[in-house]
Amino acid sequence: MAPPNQLCLVLVIFLSVFSLSSLSTSAIIPKANVSLSIPSSQLVENLCNGKAIQNRRFCLKALSTPEVIAAMDTTQLGTFIMKLGAANAKETLNVYNEIIKKPGSPQDLKALNCCVEAYKYAILSFEMVSSELVEDSQAANYDVAVIGPEIANCEKELINAKVQAPRLLAGNRFMKYYVSMGYEITSTLELENPNEY
């Protein structure tokens with residue numbers, strides 16, 4: 001077995017070469033063209049400080065666009081979050097579809113197809129939640145929460161198949177962050193507008 005230093009060096013070289021590949025990384029990086037130095041709205045601050053948020057820095061960066069900062073209420077902010085989540089899921093799905101086209105083992109293909117289905121589900125769910133925000137915040141909360149296990153199953157399949165794709169794992173991690181943001185905003189809406197059953 002190679003000494004730990006050699007393993008680290010090989011890993012660094014592999015990751016460096018892989019990160020310089022021709023595939024776009026836009027699928028896993030939040031689409032924020034504004035630096036974090038722009039003051040965020042109180043709504044964004046409150047959301048990003050919420051209990052369900054898995055990565056506060058990611059939350060602030062993803063929600064640092066002028067249109068998101070200008071959100072007037074929780075419902076508007078929720079709509080923006082769902083649109084961002086759906087857009088990120090679509091871009092990550094495109095990366096999965098690109099990788100599926102490359103030769104790989106049947107195990108790899110099975111894992112990648114599982115992830116494709118998870119991301120199709122995530123896109124539909126984020127889009128559905130956008131329409132539920134006003135009508136039924138409890139259903140919206142549930143629908144965004146169930147995306148998480150789908151992405152976790154995708155990640156488990158990739159790991160079990162030993163798919164070496166750091167970009168895909170990073171995409172899954174970022175999707176989990178969007179899910180946590182969606183869950184936090186729908187939980188807030190649920191508290192603001194409890195359903196009367």
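Residues are numbered from 1 along each chain as its sequence is written, and side-chain values use heavy atoms, with hydrogens and water left out. Because the model is predicted, local features need pLDDT of at least 70 and side-chain atom pairs count only at pLDDT 80 or more, while totals for chains, interfaces and linings use all residues.

The protein chain contains 9 helices and 0 strands, where helices (H or I, at least four residues) and strands (E, at least two) are DSSP runs numbered from the N terminus. Of its 197 residues, 43% count as buried; buried means under 20% relative accessible area, exposed over 50%, and partly exposed in between, with a 1.4 Å probe and protein chains only. Among contacts (heavy atoms within 4.5 Å) between residues at least 6 apart in sequence, 76% join residues at least 24 apart.

Two helix pairs that involve α9 were examined. Two packed helices are described by the angle between their axes and the distance between the axes. Here the axes are lines fitted to C-alpha atoms, for helices over the stretch in contact, and the angles run from 0 to 180 degrees between N-to-C directions. Helices α5 and α9 pack at an angle of about 160°, with their axes 10 Å apart, which makes α5 roughly antiparallel to α9; angles under 35 degrees count as roughly parallel, over 145 as roughly antiparallel, 65 to 115 as roughly perpendicular and the rest as oblique. The residues of the contact of α5 with α9 comprise 14 nonpolar, 11 polar and 2 charged, where Ala, Val, Leu, Ile, Met, Phe, Trp, Tyr, Cys and Pro count as nonpolar, Asp, Glu, Lys and Arg as charged, and the others, Gly among them, as polar.

For α6 and α9, the axes come within 12 Å and cross at roughly 25°, and α6 is therefore roughly parallel to α9. The crossing of α6 past α9 is left-handed. From α6 the contact draws on L112, Y119, F126, V129 and L133, and from α9 on L168, G171, N172, M175, Y178, V179, T186 and L189. The residues of the contact of α6 with α9 divide into 10 nonpolar, 3 polar and no charged.

Helix α7 (residues 137-145) has S137, A140, N141, D143 and V144 as buried residues. The elements that cover these buried residues of α7 include α5 (74-100), α6 (106-135), α8 (147-160) and α9 (166-192).

The structure holds 5 aromatic pairs, for which rings of Phe, Tyr and Trp (its six-membered ring) pair if their centres lie within 6.5 Å, planes under 30 degrees apart counting as stacked, over 60 as edge-to-face and the rest as tilted. The rings of F58 and Y178 have centres 5.1 Å apart and planes at 80°, so this pair is edge-to-face. The pair links distant parts of the chain, with F58 in helix α3 (residues 56-62) and Y178 in helix α9, 120 residues apart, and both F58 and Y178 are buried. Another aromatic pair, Y96 with Y119, is tilted, at 5.3 Å centre to centre and 35° between the planes. Y96 lies in helix α5 and Y119 in helix α6, so this pair ties together parts that are 23 residues apart in sequence. Y96 counts as buried at 0% relative accessibility, and Y119 likewise counts as buried at 0%. Ring pairs also link F58, F174, Y177 and Y178 into a cluster.

Some individual residues complete the description. N55, found in the loop between α2 (42-48) and α3, counts as partly exposed at 25% relative accessibility; the C-alpha atoms of N55 and F174, 119 residues apart along the chain, are separated by 9.2 Å. R173 lies in helix α9 and counts as partly exposed at 38% relative accessibility, and its C-alpha lies 9.0 Å from that of E155, 18 residues away in sequence. Most residues other than glycine have a negative phi. K162, in the loop between α8 and α9, has a positive phi of about 60° although it is not a glycine, and K162 is exposed, with a relative accessible area of 65%.

Note on methods
Left-handed = near helix turned anticlockwise from the far one by under 90°.
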